[in-house]
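Hi,

Here is the structure for you to look over. My notes on it follow.

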Amino acid sequence: VPEVMGDAGILLDPDDLKGFAQQMEQIYRDDSFRQALCDRSRARASQFSWQRTGQATAQVLERFV
């Protein structure tokens, strides 16, 4: 899901087998590209927590109660 992934991954058309293979090869062969994806994914994951989820859910529920 693009809005969850942000810039921490690669978006591909699910029917683009050639594109998928090319991206997998780039991840395998390009150390700096692979490391950049790892770094961005860790940074993106740190933006999500159960505490934030609970707070956001409570805010939504408060609007309707």
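Predicted model: local features only at pLDDT ≥ 70, side-chain atom pairs only at ≥ 80, totals over all residues.

A salt bridge here is a side-chain nitrogen of Lys or Arg within 4 Å of a carboxyl oxygen of Asp or Glu. The whole structure holds three salt bridges.

Residues are numbered from 1 along each chain as its sequence is written, and side-chain values use heavy atoms, with hydrogens and water left out. pLDDT is the predictor's confidence in each residue, from 0 to 100. The chain averages 95, and 100% of the residues score at least 70.

Now the salt bridges. Arg-29 pairs with Glu-25 at 2.8 Å, N to O. They sit four residues apart in helix 2, so about one helical turn separates them. (Helices are DSSP runs of H or I, at least four residues, numbered from the N terminus.) Asp-31 pairs with Arg-34, with the closest N and O atoms 2.3 Å apart. Arg-42 pairs with Asp-39, and here that distance is 3.8 Å. Both of these residues lie in helix 3, three residues apart.

How exposed are they? Buried means under 20% relative accessible area, exposed over 50%, partly exposed in between (1.4 Å probe, protein chains only). Arg-29 is exposed at 60%, and Glu-25 is partly exposed at 42%. Arg-42 is exposed at 55%, while Asp-39 is partly exposed at 43%.

Last, Ser-46. It lies in the loop between helix 3 (31–45) and helix 4 (50–64). Ser-46 is exposed, because its relative accessibility is 59%.

Best wishes

Note on methods:
Helix = DSSP H or I, 4+ residues; strand = E, 2+ residues; numbered from the N terminus.
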